[in-house]
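Me: I have a structure open and some questions about it. Can we go through them one at a time?
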Amino acid sequence: MRNRIFLLVMVLAIASLTSAQPRVVTGLTSWKFTRNDDLSASVPGFDDSSWQSVTVPHDWAIYGPFDKEIDKQTVRIVQNNEEQASEKTGRTGALPFTGTGWYRTTFSLPGELSSKQVLITFDGAMSNARVFVNGKEAGSRPYGYSYFWFDISNLVKPGDGNVVAVRLENLPFSSRWYPGAGLYRKVNLIVKDQSSFAHWGHFITTPFVSDETARVNIRSRVQGENLSIRTLIRDAGGNIIAENQCTTRFGDDMIQDIAIKNPRRWSPETPVLYTAEFSLYANGELCDSETVRFGIREIRYSAEKGFELNGQPTKFKGVCLHHDLGPLGAAVNRAALRRQLTILKDLGCNAIRSSHNMPSMEQLELCDEMGFLFLAESFDEWKLPKVENGYNLYFDDWAEKDVENLVRATRNHPCIVMWSAGNEVPDQWGSAGVKRAHWLQEVFHREDPTRPVTVGMDQVKAVMESGFGALLDVPGLNYRTQLYEEAYDKFPQGFVLGSETASTVSSRGVYKFPVVKAAGVTYPDRQCSSYDLEYCNWSNIPEEDFVLQDDKPWVIGEFVWTGFDYLGEPTPYDNYWPSRSSYFGICDLAGLPKDRYYLYRSRWNQSESTLHILPHWNWPGREGEVTPVFVYTGYPAAELFVNGKSQGMQRKHNGSVLNRYRLMWNEVTYEPGTLKVVAYDEAGKPVAEAAVHTAGKPYRIVLEADRTTLAADGEDLCYVTATIVDKEGNPCPLADNTLTAVVSGAAGFRALCNGDATSLELFHLNRMKAFNGKLVVTLQAGSKPGPATLSLTAKGLKAGRIELKVGE
């Protein structure tokens, strides 16, 4: 990771640079934007005064409206030996991401540029980017998830009036989920001496680690003559613990080995980070400086012990994450990512898979800091298409370049412990696909020989026969639990990774009767049951993965599909309208935990006690009917009571997959009142209680913020959960009142989200229905400190109000 010094001056969209430092990095954040396509917008004198003023990162499509005709895709499937067309209306979120958009901004440069190099960098631009500087095309990049940069030294001029224009175009039928649109990640301008470190030029590894000493190997790519490097290593407290001088050069590389005494190892439990400060001198004068954060850790994969981190066998307890941030769309935001990871940390999750694309820099930085292992993925397609205008159009010309940039930009992140070259690519079939897999893996190895490569494979029979799976460093299986044993027998690696698992579907707070295990089931309300027994035709319930993870030491972990619901792919309702976001998440689109969260938590988070009852206990009209009750807990046994009457003791046992991980009372008869569960430890001692009450009529709105102090940086976010409760404070699980948010003071309103996959209400408006008694309000800090207030009102309910502080 590169820790940069940002100089932000945003006056009339002009960013100013000074020459006081050898390297200056400026975030280009203030832009003009339009959806009109006019190539003359690349000309410096073009009048963009009528364009919208936006702040980058920016996603133009998230503001809607939802429309079933947007990117409506027809997928051909074979059933009963006949090909049939399946119309998918919400596959890409039904949001207007297709078409063209233009961005323009201006910047100034120092008066003397003859000895300078000027770069413009993009962490991601969706998609088919063409970049113009002062009217001339600097370059292009088709893949919307790729990091890229251009040397624009010959296109800029000293002083004011430099103009950057970016044209983006998203083709229809180019994605299988909501990709977002626009400059959705950071854009930076770098001014440095021509004698300098190359962009993404440092590679830090720790090839030897013991309790006494760690060898830190640093390879720095440089440009210029008569160069030397001075390196300082600081610990997490900022103390200098090692330093080194280097004058030896091998071609364009300068290589150092620095010993760190008594190193503290990076891990999910102890995410200790060090900082390397590099100063580059030409003929004895300082010409460049960079700071890179890194971790000291060892990784190893073997048939004997599976995955080892710092010598300890470690299972991946991971989730897959798409890149959208729910109601914020694809525009990256550090606070939103931190909230996701905080929720996942409580879950007991220790690993993230960036499915199915390059992750954001902010996500990797946070995973370094908070302690998450990371599987960094690259592509959803290779040469053979899944969608008409997907990456298949660019694979031949761009795949190697995109992998190079992925690795070079992110390889110093200790969280990354594996690369993924692809996900469920149709190239799994045939010898040509085997050759592509080998070629891509070798590109990864060339760029980074320290980490293994996997591919998420769903055509398991095919890859066993072709040799595709055998050649990979790590064989990743997507679903197909029934084939794990056979794959383990046939693959030579001696272990298997669940690269994508479960795909259980549910809607928060929705329960369907009768309670049955079923694949592909649908209902008239386009919701899925939270009894967590419904899944897709290709997938399974969580417990089928749990058994393999727990009983087979050669299964090295799993990445559950998915940690959070995401925009697009509303399976099993991808042929129904309205339905525009997924049901797969352990948490819903608003970030609220579903019941399934507690099932995973009971297994993954052993440091905290989990005791969770489902369903809710408001069932008017079901009096006297059988209403099963499930309990998710880390305790081995529990007793259930309905209005004080015992329903018996249940104990986990191996009689069935479900009984091993859930406590179930399948014959409970509903009557209004109180469900109470008492949990027992292994010794039979009662150790915890939980209860659910039948709620009365909705009475008031209760607000709870994930944090009450925000940074006054114009970017920080606060998430406030609104819960509708009765007079006694019991949550009302059926409430669907329309709530209105009003924000005043030093923060502003950003978005509303209720987690309902069928809702067509727009996120950026301040009115929305509660879904099953809840919704989440997102507030954004201003740039000045002071108090802020959120009020939430609804007809017939007592308003909710909460005070926040926006700090320095």
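Me: Trp200, buried or exposed?
Reply: Trp200 is buried, because its relative accessible area is 8% in this predicted model, and buried means under 20%.

Me: Where does Trp200 sit?
Reply: Trp200 is in strand E14, which covers residues 196–209. Its phi is positive, about 55°, although Trp200 is not a glycine.

Me: And what about phi of Phe173?
Reply: Phe173 also has a positive phi, near 55°, and is a residue other than glycine. Phe173 belongs to the loop between strand E12 (159–170) and strand E13 (187–193).

Me: What is the relative accessible area of Phe173?
Reply: The value for Phe173 is 30%, so this residue counts as partly exposed.

Me: Switching to peptide bonds. Which residue is joined to Pro57 by a cis bond?
Reply: That is Val56, and omega of the cis bond is about 10°. Pro57 lies in the loop that runs between strand E4 (52–55) and strand E5 (73–79).

Me: Which residue is joined to Pro615 by a cis bond?
Reply: Leu614 is, with omega again about 10°. Pro615 falls in the loop between strand E34 (611–614) and strand E35 (629–633).

Me: Cavities next. How many of 30 Å³ or more?
Reply: The count is nine. The largest cavity holds about 320 Å³ of space.

Me: What lines the largest cavity?
Reply: Its lining has 24 residues, and those closest to the centre are Tyr143, Tyr145, Ser174, Gly390 and Tyr391. By type, the lining of the largest cavity splits into eleven nonpolar, nine polar and four charged residues.

Me: And the second largest cavity, how much space lies in it?
Reply: About 160 Å³. The second largest cavity has 18 lining residues, with Arg185, His323, Leu337, Ser360 and Gln363 nearest its centre. That lining is made up of eight nonpolar, eight polar and two charged residues.

Me: Now Glu500. Buried or exposed?
Reply: Glu500 has a relative accessible area of 5%, so it is buried. The residue is found in strand E30 (residues 496–502).

Me: Which side chains make polar contacts with the side chain of Glu500?
Reply: Among them is the side chain of Arg353, at 2.7 Å. Another polar contact, of 2.6 Å, links Glu500 to the side chain of Tyr479.

Me: What about Ile260, where does it lie?
Reply: Ile260 is part of strand E18 (residues 253–261). This residue is buried, at 1% relative accessibility.

Me: Helices. Why is H9 described as largely enclosed?
Reply: Because nine of the ten residues of helix H9 (residues 595–604) are buried, the rest of the structure largely encloses it. The buried residues include Tyr597, Leu599, Tyr600 and Trp604. Asp595, Arg596, Arg601 and Arg603 are also among them.

Me: Last topic, the sheet with E17 in it. What is the strand order?
Reply: The order is E17-E16-E19-E20, in an open sheet of four strands with antiparallel pairing. The edge strands, E17 (240–246) and E20 (285–294), each pair on one side only. From one strand to the next, the twist averages 15°.

Me: How many bridges between E19 and E20?
Reply: Nine, with strand E19 (residues 274–282) and E20 paired in the antiparallel sense. Thr275, for one, has Arg293 of E20 as its bridge partner.

How values were computed: Residues are numbered from 1 along each chain as its sequence is written. This is a predicted model: local features need pLDDT of at least 70, side-chain atom pairs count only at pLDDT 80 or more; totals for chains, interfaces and linings use all residues. Side-chain values use heavy atoms; hydrogens and water are left out. Two strands pair if DSSP finds at least two bridges between them. Helices (H or I, at least four residues) and strands (E, at least two) are DSSP runs, numbered from the N terminus. Axes are lines fitted to C-alpha atoms, for helices over the stretch in contact, and angles run from 0 to 180 degrees between N-to-C directions. On a 1 Å grid over the protein atoms alone, a cavity is a set of points where a 1.4 Å probe fits but cannot get out, and a pocket is an open set with protein on both sides within 12 Å along at least five of seven lines; lining residues have an atom within 4 Å of a point. Grid points are joined across faces, edges and corners, and a volume is the space filled by probe spheres set on the points. Ala, Val, Leu, Ile, Met, Phe, Trp, Tyr, Cys and Pro count as nonpolar, Asp, Glu, Lys and Arg as charged, and the others, Gly among them, as polar. Buried means under 20% relative accessible area, exposed over 50%, partly exposed in between (1.4 Å probe, protein chains only). A polar contact is a pair of N or O atoms within 3.5 Å; within protein, one must be able to donate a hydrogen and the other to accept it, and residues adjacent in sequence count only if both atoms are side-chain atoms.
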